[in-house]
Amino acid sequence: MEEDNTIKTSKYNALNFLPMNLFEQFRRLANAYFLSLVFLQLIPQISPLASYTTLIPLTVVLAITAVKDAIDDMKRHQNDNQVNNRPVLLLVNGRMEEDKWMNVQVGDIIKLKNNQPVTADILLLSSSEPYGLTYIETAELDGETNLKVKQAISVTSELEDNLELLSAFDGEVKCDLPNNKLDKFTGTLTYKGKKYSLGHDKLLLRGCIIRNTDWCYGLVIYTGPDTKLMQNSGKSSFKRTQMDRFMNVLVLWIFLLLIIMCFIMAIGHGIWQSKIGYYFQAFMPWDNYVSSSVASAALIYWSYFIILNTMVPISLYISVEIIRLGNSFYINWDQKMFYAPRNTQAQAHTTTLNEELGQVKYVFSDKTGTLTQNIMIFNKCSIYRKLYGNSSDKVGSKVTDCKKEKVDFSYNKLASPNFAFYDNTLVEAVKNGDKWVHLFFLALSLCHTVMSEEKVEGELVYQAQSPDEGALVTAARNFGFVFRSRTSDTITVVEMGVTRVYQLLAILDFSNVRKRMSVIVRTPEDRLMLFCKGADTIICELLQSSCTDLIDVTMEHLDDFATEGLRTLMVAYRELDAAFFQTWSHKHSAAYLSLEDREYKLSVVYKEIEKDLMLLGATAIEDKLQDAVPETIITLNKAQIKIWVLTGDKQETAVNIAYACSIFEDEMDEVFMVQGKNYETVFQELRAARAKMKPETSLESNPTNVRLSSKPKMPFIVPDEVPNGNYGLVISGYSLACALEENLELELLQTACMCKGVICCRMTPLQKAQVVELVKKYKKAVTLAIGDGANDVSMIKAAHIGVGIRGLEGMQAMLNSDFSFSQFHYLQRLLLVHGRWSYNRICKFLNYFFYKNFTFTLVHFWYAFYNGFSAQTVYDSWFMTCFNLIYTSLPVLGLSLFDQDMNDTWSLSFPELYEAGQQNLFFNKKKFVNCLIYGIYSSFVLFFVSMGTIHNSERDDGKDISDFQTFSLIVQTSLMCVVTMQIALKTTYWTLMSHLFIWGSLGFYFCMLFFLYSDGLCVMFPSIFHFLGVARTSLNQTQLWLSIILSTVLCIIPAIGYKFLKRLVYPVFVDKVLDLSWHYRKYPLPPPIHVRLKHSNLRRSAYAFSHQNGFGALITSGKTMSRRQKKKNSFPLKK
Amino acid sequence: MTWSAAARGAHQPDNTAFTQQRLPAWQPLLSAGITLPLFFCAGLAFLGLGLGLYYSSNAIQELEHDYTGDADAGSCAACAAQGQGRAPPPPCSCSWHFTLSELFPGPVYLYYELTGFYQNNRRYGVSRDDAQLSGLVSALRHPANECAPYQFSAAGLPVAPCGAVANSLFNDTFSLWHQRQSGGPYVEVPLDRAAIAWWTDYHIKFRNPPLVNGSLALAFRGTAPPPNWRRPVYELSPDPNNTGFVNQDFVVWMRTAALPTFRKLYARIRQGNYSAGLPSGAYRVDIAYNYPVRAFGGHKLLVFSNISWMGGKNPFLGIAYLVVGSLCIVVGFVMLAVYIRYQDQDDDENDDE
């Protein structure tokens, strides 16, 4: 167990970098393949080429990758160092000494202060808080921002911060082996002969942050890589794009083609050797080891394998990586995805997925913190028939927000400066002492489970379990009913400047079923009051019959609230009879103490007292959407991207938000609700929905159903079906579990995919991932998951692309994401601009790259028929070395880094442009075959035009032109001109860089030609550079240039013709928009999509409590509430 | 953890045209207004060029004679029969008679042409040592392995020049005789055999090894000539400035051909009375028939040709230009037709809207 706390995320060190990195790289098939080619080329009997033709490109490729890996690893080293060298207070020989994190060892006792990150997994010994309580924030671990409480066992909490006692602490801990379970820990502490059992509530995990606790001491249990945090950071699966997979398939096809061609060549050689070569031996005797033409053919097979290897392009993978890297940088650099308020830019953490951003078809979005800001704002309220907070002029709320003046809360010294309200009548009502308004706010300031912290006099900080609750208490505070502090049995409220202490008699806590909470307090005037708040539907039934009239008015107000998409809540109270309460209190205690069915018994008891309530009013809280969310979703919908909201939240809230963000629209034909709890009902509901959307799909004769019923073993692709209208689907987590587990997944998928919007609520993190996996499995579509919390990590990891919103809920989602930014609406820019560009660029690159290599390589095939299939290359070996690596790499990189068919404004204005990527129109099997055929054609032209030119022809000075080296020069120069013209045709966005790269490369080729064929070089190394003087002797020949022009024109005519005719005959959307943009150059752009938010009053969203039970039990148990004075008094005594 | 550190350091990205992908750019559109004229213009240009090429190629005169001696073709048949199956074949001479009825305009070039001779076979082509040919003494003593089996002679001496290319040096020689009047004597036509090789090859690439005591023969001492050669390399020509590796015929031969049928320049006829061309009359070419090609079914041809501005006779380029030119125009018309048809359709659609 003697391990220190060093963490190591780096892979290499200076010594092992080279061997390990090379090993890693050669595990890639392509690299290994080229290495084996290098070895093949070392065999002189078969090698038609010097081994440098492959060795140099391979070395360059390996070197680039190695440099990239090295830079990555350096970053990791730096990060490791930074983390490992953080200071920590360590107990050494009875004194606290500052040391580095990495020196912490198991068994050490360390001291942590408020707001410090926890160094290792430690057993809590004692803390500044009573009972050894320590508050921690676990955002980095699980994404939850609410505080959690850990408690030291009593025997150690007595040690407090007495260093002598702590030094003398000699307990022995036995515990689990290191594991990755965040919520499981079992161990025993043996101390002074006694055994104490330890649970996970005693353990502070590395990655947590100490909050609200001045100091605490802990015993280090797990360090460094053994900590639960590190154990959890399992290797995330390496994501590959569909294009990657397709490329691998293509490379295999090309490889097959290569083998077939080599066979043809070998057979040809065998025939030639027996028919001609045998008789040609007078001038070219066979080698000793060639016994027959068959043996010779076998050798030639490998020779052609080497020559034609450029069909499988060595620089393909590295180029694709560079292009993706470049396009990732653009994402990081984009100012329009920079969020100034939080000073965060968009970040591409994974640089290998860019083109998939241009192909997304399904977006899975979290709700809280992603679509919404997770900020609740107390917006309106209805108090005893009166509506407050309503804007007098009924224009959109946003406009009035800016115009109206904020209410002045200066009369209240304890008011929160962040709270804003815009209706002065309410303040006046408070000031005038309106009885109902006072009672209303009193209810809000009493009926909650918020905890307050007052570090500086007058600066209250509320720790709320749900943001809604915090918003309500804050509202009450600002209007003059300040909840100041609480103990286990009192609540101190400053009412309009007067401090009053209420006795807390009971908290009737919230639960999902009850959908309400109540408190029973004794007022300073000795009145017994019950205050209750909860969902309107529930509260309505508990009200006194006397207030039906009031209910009607309030209900009207609630409808108004719902229309605006606000979350509503009813507040009621009841004055209790002392005797009644007494009897009830007994029942309550009995139920509370019962061991069986306590929940149920309690709820029965609660019901007894929560009745005959008097309605006070209702609150309306705005769950603030993030900026421009509805606009973004409409844009994405136009781009045929389907948006599914996967949320852990309740159905009502989720649906409400879905309407608010335009995922659902009022004009929708129907929104189906699937709420079944077993196979049968879920099946029926799904089938019914499908029957309505497209009756024929539920027929047994439907091909999908046929395949479904035959239970295919192979995963197959569910085709897209077009429904007869606009539908939405809402499914709850429970029904989803049924559907996923009981063979209904295809049923679910078929139904869900027909809907325009899908809302899945009450989802566990695992289910979120399951839904994503489901779509991934049966739909040939790219999925994108976007979320901000730790509960989204699973789906972010499962989806093809994970996007993390850098919000308030910790870093976990972001750490696991491929891309991250701060605002949901950046998603449209990421997909429609960066994604589309990346996709287009990669496709253009691949089209061009394959074409280029086929053209380059297949010339050898044609030449073979004229040189006895002897594996004679057409080109100079230096040209073969440099062609892919130097002569043509920059233009194609320039194309795939700078090209844009449409600028960003147009891309966003016409989301329909995005469909090309979803359907993968720009690079697919068909396009590849086109490249192949076009490459064959071009190589044919290149070879035969050059051959026709030199055949039995002479130079203009009478010397022969038909020598091999001149022929090489003609073919390679023609090839350079052809590929340059082709890339020029592909370029639609000619920046200065494009010109420089494209024409510069061609110019560079000619410079290299004169250099490589120069007298000096060739005389110095006569056996390496053979082409002395060819450039200057032959390039002045008219015929040569005529031949080059002819080849170039013949090769580009089809490209221009195809481009022209396709635009006319089969125009894709891009062409239309291009024409339009051409036309609109002089005119301003069409106005951006404007969304007017509409809400029907049919929906009402109830209060969104957090769905875990609250602090209620903790509050009443009194643990957290002991007064600080008491403790401070006891402290000197101990000393 | 690592990323949070990076995030904290984040700052507003630079607002440059490059980072924001707003580089000023020219965005051409291949519209009908550009494409169609382009096709027609290119087509017309190609047609014009093609016509020019075709006529200049046709204006070039060529006179070809196959003197391989297969079957009954002329007096060389005897030589061919004599050399049948013997390697190396014994020296033999034969001649070819031809008559020009009118002036063969000059300058006239004399080529020999070989067919079915795979100088472009890889194993043949690599079987040479450019280091040795560039005069490196070390390479002279140790020829490159590619030269095998003509690397070392049977006696173990290094072969100079080594390799299959050098070994197969074409060794037929020709002389041209002209009979001015019928029945008159044949006068030898002067053949200019200087500068038939590439200047760069002859003056830079090919170098004799340094002379030993002023003697080329001594420089080559200790080497063996290739087995097919009848003379050592330093006796290739009696002219001391044109012997050794730096010999016009040798250098021409060593520039291997790209195709199995190839011509190599033998001589120019541009001196004396023949500077304007070959006048009419009867001619005789005396051929020293040494080179065996019948074994592999090859042919040997003699070619007289003259030259135009675009080089030798080559109907291919002219015809190809004519074809491509007309192709451009045809495609242009097709595109125009399609354009007109779909343009109308688009207009209709727009009208409907």
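This briefing walks through selected features of a predicted model. Chain A is divided into six listed domains, from domain 1 (1-85) to domain 6 (836-1081). The assignment for chain B gives domain 1 (44-59 + 314-339) and domain 2 (61-306). A search of the whole structure finds 11 cavities of 30 Å³ or more.

**Domains of chain A**

- Domain 1 of chain A covers 1-85, and domain 2 covers 104-233.
- Domain 3 of chain A is written in two segments, 242-279 + 292-311.
- Domain 4 of chain A is made up of 338-370 + 626-697 + 712-823.
- Domain 5 of chain A takes in 378-392 + 406-624, and domain 6 takes in 836-1081.
- The centres of domain 1 and domain 5 of chain A lie 65 Å apart, taken over C-alpha atoms.

**Domains of chain B**

- Strand 8 (residues 187-191) of chain A pairs with strand 9 of chain A over 5 bridges, in the antiparallel sense.
- Gly187(A) has Leu198(A) in strand 9 of chain A as its bridge partner.

**Strand 24 of chain A and its partners**

- Strand 24 (residues 567-576) of chain A is largely enclosed by the rest of the structure, because 9 of its 10 residues are buried.
- Strand 23 (residues 528-534) of chain A runs antiparallel to strand 24 of chain A, and 7 bridges join the two.
- Opposite Lys533(A) stands Val571(A), in strand 24 of chain A.
- Strand 25 (residues 614-625) of chain A also pairs with strand 24 of chain A, antiparallel and over 7 bridges.
- Met570(A) has Ala618(A) in strand 25 of chain A as its bridge partner.

**The largest cavity**

- The largest cavity has a volume of about 160 Å³.
- It is lined by 14 residues; the closest to its centre are Thr53(A), Pro57(A), Asn309(A), Thr310(A) and Met880(A).
- Helix 2 (29-41), helix 3 (52-84) and helix 29 (877-887) of chain A each give at least two residues to the lining of the largest cavity.
- Domain 1 (1-85) and domain 6 (836-1081) of chain A each contribute at least three residues to the lining of the largest cavity.
- The lining of the largest cavity holds 7 nonpolar and 7 polar residues, and no charged ones.

**Cis peptide bonds in chain B**

- The peptide bond from Ala148(B) to Pro149(B) is cis, with omega near 5°.
- Pro149(B) sits in the loop between helix 6 (137-141) and helix 7 (164-167) of chain B.
- Ala160(B) and Pro161(B) are joined by a cis peptide bond, with omega about -10°.
- Pro161(B) is likewise in the loop between helix 6 and helix 7 of chain B.

- Arg385(A) is not a glycine, yet its phi is positive, about 75°.
- Arg385(A) belongs to the loop between strand 15 (372-383) and strand 16 (386-388) of chain A.
- With a relative accessible area of 38%, Arg385(A) is partly exposed.
- Gln21(B), also a residue other than glycine, has a positive phi near 55°.
- Gln21(B) lies in the loop between helix 1 (2-8) and strand 1 (25-26) of chain B.
- Gln21(B) has a relative accessible area of 8%, so this residue is buried.

- Gln972(A) is part of helix 34 (residues 964-986) of chain A.
- Gln972(A) is at 0% relative accessibility, so this residue counts as buried.
- Gln972(A) and Asp876(A) are 96 residues apart in sequence, but 8.5 Å apart in space from C-alpha to C-alpha.

Notes:
Residues numbered from 1 in each chain as written. Chains lettered and ligands numbered in written order. Predicted model: local features only at pLDDT ≥ 70, side-chain atom pairs only at ≥ 80, totals over all residues. Heavy atoms only, no water. Pairing = 2+ DSSP bridges. Helix = DSSP H or I, 4+ residues; strand = E, 2+ residues; numbered from the N terminus. Buried < 20%, exposed > 50% of the residue type's maximum accessible area, 1.4 Å probe, protein only. 1 Å grid on protein atoms, 1.4 Å probe; cavity = no way out; pocket = protein on both sides within 12 Å on 5 of 7 lines; lining within 4 Å. Points joined across faces, edges and corners; volume = space filled by probe spheres on them. Nonpolar A, V, L, I, M, F, W, Y, C, P; charged D, E, K, R; others polar. Domains from an automatic or database assignment.
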